[in-house]
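Please read the following with the chain open beside the text.

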Amino acid sequence: MKNYLGIEPKNKVRVYRGIAQGVYEITQGTAHFLAHKRAIGVIKGQTPVFEHLLPYYYKETYEVAVRSHSQITDVKEWVESLKKETCFVMFAEDHPVTGEVYPFVEELDRLLNEKRIHSVRVSHARHFSEKVEVRPYTVRLCSYSADLAVAVTGERFRSPTMMVESMAWDKAAILRDLENSIKSKSVDRDLVEAFETEISSAAQLVFKKDAVRIYDRAACYFQDASAEAVAELLFKKLGISTEQGWEKMSSTNMCYWSGIKMFKHWWEPEPSHEMLRGLLIISVDLLKTKDFAKTLISSYEEIKQQQSWTV
């Protein structure tokens, strides 16, 4: 698997049933192994996978240093403020919905390694397009699907596993899933930017021109229409099934009524109701469809017309 993923020989690999399981096992195993270190650090507002871990550490009276990613203006200052007995720091490289890439990640990882603090970094999609150095005290946990995640560990990471070694694993099936996942991802900055320029006449763009992001998706939202309704009409116009369409596009709209619980408790800055209702995340593969932006705009205009009336 190392050779398959292009991983350095000095690094080791662990496989998990999804990124949530991986984060839980790595952090819990490390906390038990280094039980004398009673402090952790967390960068919040980036990903939901850390939220359910924190109650355990508060209950066990760990000192938890929490900082929002939007407040990381001086990485060195924050790292220097961490307790000497800090066991690990958790943070994400990229946003799971929008694909935003956080600019402080590499500096944070380097400074933590210099202080011999374990760096637990989560990559939702960045690993598909960017290879990074896995430093000695780093664990880079990469998501390949909802049910498959791979952790690449540095040579100084010694934390034992908890359950994963006792689980049944089908090596051939895992390699097949990895291959399919890698093949399904493509990056095309020119195509994404061209689409977003064209769609901006009808929709709001999530990113500004100078944003640091992964160009494997376009991100836009309609302030006055349901993204689900627009997408369903779009699929009909394109002649594809709903199932095929949602494999290449996603939206927070289907979770709109529970959006406060599902997104607002971890996503910073907090997304508006209008954004959650109207957000579309579109894969590069779908953007390659002929006249895609025009078809999407016409679908949006039809939905707007259907939801309007005069008395």
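T61 sits in the loop between α3 (54-59) and β3 (63-68); helices here are DSSP runs of H or I with at least four residues, strands are runs of E with at least two, and both are numbered from the N terminus. The model is a predicted one, in which local features need pLDDT of at least 70 and side-chain atom pairs count only at pLDDT 80 or more, while totals for chains, interfaces and linings use all residues. Residues are numbered from 1 along each chain as its sequence is written, and side-chain values use heavy atoms, with hydrogens and water left out.

Although T61 is not a glycine, its phi is positive, about 60°. Most residues other than glycine have a negative phi, and most peptide bonds are trans. T61 counts as exposed because its relative accessible area is 62%; the cut-offs are under 20% for buried, over 50% for exposed and in between for partly exposed, with a 1.4 Å probe and protein chains only. In the loop between β3 and α4 lies Q71, which is partly exposed because its relative accessibility is 48%. The C-alpha atom of Q71 is 9.5 Å from that of I43, 28 residues apart along the chain.

Which residues of helix α5 (residues 105-114) are buried? They are V105, L108, D109, L111, L112 and N113. These buried residues pack against β2 (39-44), α4 (75-81), β4 (86-92), β5 (118-123) and β6, where contact means heavy atoms within 4.5 Å. E114, also in α5, is exposed, with a relative accessible area of 54%. Between the C-alpha atoms of E114 and W266, 152 residues apart along the chain, the separation is 29 Å. Just after α5 comes R116, with a positive phi of about 60°. R116 is in the loop between α5 and β5 and is exposed, at 56% relative accessible area.

Another backbone feature is the cis peptide bond from E268 to P269, with omega near -5°. P269 belongs to the loop between α10 and α11 (273-278).

Two packed helices are described by the angle between their axes and the distance between the axes. For α7 (residues 189-199) and α13 (residues 292-306), the axes come within 9 Å and cross at roughly 30°; axes are lines fitted to C-alpha atoms, for helices over the stretch in contact, and angles run from 0 to 180 degrees between N-to-C directions. From α7, F195, E198 and I199 meet F292, A293, K294, L296 and I297 of α13. The residues of this contact divide into six nonpolar, no polar and two charged; Ala, Val, Leu, Ile, Met, Phe, Trp, Tyr, Cys and Pro count as nonpolar, Asp, Glu, Lys and Arg as charged, and the others, Gly among them, as polar.

The pockets come last. A pocket is an open set of points on a 1 Å grid over the protein atoms alone, where a 1.4 Å probe fits, with protein on both sides within 12 Å along at least five of seven lines; lining residues have an atom within 4 Å of a point. The largest pocket is lined by 34 residues, and P96, V97, K185, R217 and S250 lie nearest its centre. Its lining residues comprise 17 nonpolar, 11 polar and six charged. The second largest pocket has 21 lining residues, with L5, G6, I7, K131 and R140 closest to its centre. The most to that lining comes from β6, with three residues.
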